[in-house]
Amino acid sequence: MSNRIPRVELGEWCYLQGKAKVMQRMHLRDLADDKERNQQLTFRAGPLLLDLSKQKMDEAILTGLVKLAEAVELPKAIQSLVTGDVVNNTEGRSALHSALRLPKSATLCVGGQDVVPAVHHSLARISNIVQRVHSRQWRGFSGRAITDVVNIGVGGSDLGPFMACQALNEFVPEAAARLQVHFVSSIDGTQLADLLGTLRPETTLFIISSKSFTTIDTLSNAHTALQWMLKAIADKDLVVAHHFIGISTQPQRMSAWGIPEANQILFWEWVGGRFSLWSGIGLPIALKVGMANFESMLAGAHFMDCHFSEQPLVSNLPVLLGLVGVWNATFLDIRAHAILPYDGRLKYFPSYLSQLEMESNGKSVDKQGVAIPYSTCPVLWGEVGSNAQHAFYQLLHQGTQAVSSDFIAPVRRYTDYSDSGEAHKSLQSQHQLALANCLAQSRVLMLGDASTDSDANTPNFKRYRGNQPSTTLLIDELTPYTLGALVALYEHKVFVMSVIWDVNPFDQWGVELGKKIADKMTQALVDQVVEGLDASTQYLLQKIASMAEKGEQA
């Protein structure tokens, strides 16, 4: 729009820039003992508690952030998202991952068509496959029941389901106790080669997960898996019918690959890959933990969808989390963010969020294609906190890099054990240690030396500067429902940040470019064609050819 005011010229933006200059001269320890502030910066929604009191902000800054959100019409953007408006402007699509969590009784018309029946038709197909596999009715070519499922995907078709399966490993139902679910994503074949040596063809089921069904990483692994199966029985139609399921938005491409319609699960162009674990892409989750637990995940996400679309900005958890992310990355210029779960079951949650946030908001132009003059998405990384304490926390505590962090922990664990013996007490004690470490580390990051016994005589190499902001996110306990709510919380956080920054979080043209260049380079490797390439790449191609032919040492 010609009359659109750039973000940096908004009065609310300029106000926050001024507050940031003041706050950068302060230390977090100056804010730590304000009990009223602590209460003002703690929020609750269902099973989640969000504590922002260790962030470098006060109530006036939070109010300023909310006013900025109002100025850029965040409430209108939220409604556009959940009602199916075209929010992915570069591809002309909706982004309706929240529709995948709607109950069967709901109605959501997009383009004159109610999408809910199609969503639940897909869920019914997932449920049917799960029931057949768990009841040992799905049989391989030799008549033996399936014992192993291999999900072949990459990016959103791998990270989300893999993360959820690892997080919910304690919720495997008895019917699935003998079923092993594996994940393969690496294009170099290492994962698949190592895995195939442990499997039996007649009892292995492969899931090919690809939104476009053209992703070279996924199709290369799928082809290798098919060739492995054909060594056992040279009947492609029989093998594919009994041992391959396709999940995609492209039924014609699945059929062309050979997958029969009965083995196809469809989802839709309005589901982004990194937001797709709620669709047919979540089949491995349902196979691992059962359909009831998968549906509980959907219900937890739906709870967060309702909270996000209905709650005022000032008490809306995804909004608050997103506004704090913008405050740190853009106004305080903190360009690194650590995800630190204090629960081993969430080991892969940081990797999942790395894709979710950086692929979504790693953008340098706004929705009008204009270069952005401010920092957007920080670099995300993380690890289980208790492990990371013995690794990269050194940088957090004494390095020169400003880093913001999210500490995530369940309050209750090991509460459903019937055993009350010493082993159970020991596990509960370990959980208390994890919680204590979570609180201790965020406290030291905030206060620095003020949290220790340091004095004026303490040498500098033992000093802690503190002043590293963090959010603490507590979960009642980790269940399928709360995991669903947690993932949806971060999905919506990403959207909030994108609206403030005025970027499109639902495209990934940088990823697409990499795929195209990789295709060209594959041809160059095969044909030994170097013309038209830069000197560096030409030289490497020549060295690769020489080393491959002569065994030349690098």
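The radius of gyration used here is taken over C-alpha atoms, and the globule rule sets it at 2.2 Å times the number of residues to the power 0.38. Keep that rule in mind as we walk through this predicted model. For 554 residues, the rule gives a compact globule a radius of gyration near 24 Å, and the protein agrees with this because its own value is 25 Å. Along the principal axes, the C-alpha atoms fill a box of roughly 75 × 70 × 60 Å.

Next, let's look at what builds the fold. The protein has 20 helices and 13 strands. Of the contacts between residues at least 6 apart in sequence, 73% join residues at least 24 apart. Buried residues account for 52% of the 554 residues.

Now let's zoom in on one residue, Ser53. You will find Ser53 in the loop between strand S2 (48–51) and helix H3 (59–71). Is Ser53 buried or exposed there? Its relative accessible area is 9%, and the cut-off for buried is under 20%, so Ser53 counts as buried. The side chain of Ser53 makes a polar contact of 2.7 Å with the side chain of Asp51. Beyond its neighbours within four places in sequence, Ser53 is in contact with Arg37, Asn38 and Leu41.

Key. Residues are numbered from 1 along each chain as its sequence is written. This is a predicted model: local features need pLDDT of at least 70, side-chain atom pairs count only at pLDDT 80 or more; totals for chains, interfaces and linings use all residues. Side-chain values use heavy atoms; hydrogens and water are left out. Helices (H or I, at least four residues) and strands (E, at least two) are DSSP runs, numbered from the N terminus. Buried means under 20% relative accessible area, exposed over 50%, partly exposed in between (1.4 Å probe, protein chains only). Contact means heavy atoms within 4.5 Å. A polar contact is a pair of N or O atoms within 3.5 Å; within protein, one must be able to donate a hydrogen and the other to accept it, and residues adjacent in sequence count only if both atoms are side-chain atoms.
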